Amino acid sequence: MSFLEEFNANLESLPNILARHYAVLRNLDKSLQDIQRQNEQRCEQEIEDIKREIKSGNITPDTSLIRFSDEALDEQKHSIGIADEKVMLAVRAYDLVDTHIQQLDQYLKTFEEELRERDTVAASALPAPSADTGAKPGRSSEGGRGGRKKTRLATATAATATAAVNPTAMDLDIPVDPNEPTYCLCNQVSYGEMVACENPNCKVEWFHFGCVGLKDKPKGKWYCPDCAALKNRRKGR
């Protein structure tokens, strides 16, 4: 049984235990009120009796000799015992609740530590950034197009997951090197999959799939919107 399952099992029994404690407390409180009421009446009656005896001269008004009956004193001791028992039950109920709170705090602490460990393991499992991450994907220095790739997969970062949902959104709390070059129509850094324009004179060169409406790698030659329009104008002449 896991800690959480054990905690839930103990928590389910807590309301019934507290209900029993509160029921006993109510009964003790009722008994205490009855005994106190009875003791007050007895003491008032004994005080009146003592006053009459003093007036009649049967006893001397010496306070050191005047005392309540044993019955009245026993009732007072009994009241104190019940009050002590009520306090003990209240403390026990408080300790029960406090124990469950401490167990929950310990579980939350353990759970947070496990989450941190998982994040650390996940972060260490990510591939290291490639050496050419900061370099703009340009054209081959030999003959223009021989070494250029059609697509480029950015290094595994949080931006990759976000780009899959909203490819053009880069206004994230992701640390970006201010010196890293920008590309595409959105003028953002390299992330996700990118495609290169076939025009050797293209000013932008590389584009994010989402920014140019691509979902898959284009087949054959691909031109960016500006270069494609320029090429069509030239054909029309």
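Which residues of α2 are buried? They are A72, E75, S79, I82, L89, A93 and H100. The structure is a predicted model, and its mean pLDDT over the chain is 77.

**Helix α2**
- Helix α2 runs over residues 70-125 and has 56 residues.
- From the first C-alpha of α2 to its last the distance is 82 Å, close to the 82 Å expected at 1.5 Å a residue.
- An α-helix has 3.6 residues a turn, so residues three or four places apart point the same way.

- V212 is located in the loop that lies between β5 (206-208) and α4 (225-236).
- V212 counts as buried because its relative accessibility is 19%, and the cut-off for buried is under 20%.
- Beyond its neighbours within four places in sequence, V212 contacts L185, V195, F207, W222 and P225.
- C184 is 28 residues from V212 along the chain, and the C-alpha atoms of the two are 8.7 Å apart.

**Confidence**
- A pLDDT of 70 or more is reached by 73% of the residues in the chain.
- Confidence is highest in β5, at a mean of 91, and lowest in helix α3 (residues 158-165), at 42.
- Residues 138-174 have pLDDT below 50, and the model gives this stretch 72 contacts beyond near neighbours in sequence.
- Residues 131-136 stay under 50 in pLDDT, with 13 contacts in the model beyond four places in sequence.

How values were computed. Residues numbered from 1 in each chain as written. Predicted model: local features only at pLDDT ≥ 70, side-chain atom pairs only at ≥ 80, totals over all residues. Heavy atoms only, no water. Helix = DSSP H or I, 4+ residues; strand = E, 2+ residues; numbered from the N terminus. Expected span 1.5 Å × (residues − 1). Buried < 20%, exposed > 50% of the residue type's maximum accessible area, 1.4 Å probe, protein only. Contact = heavy atoms within 4.5 Å. pLDDT = per-residue confidence, 0-100.
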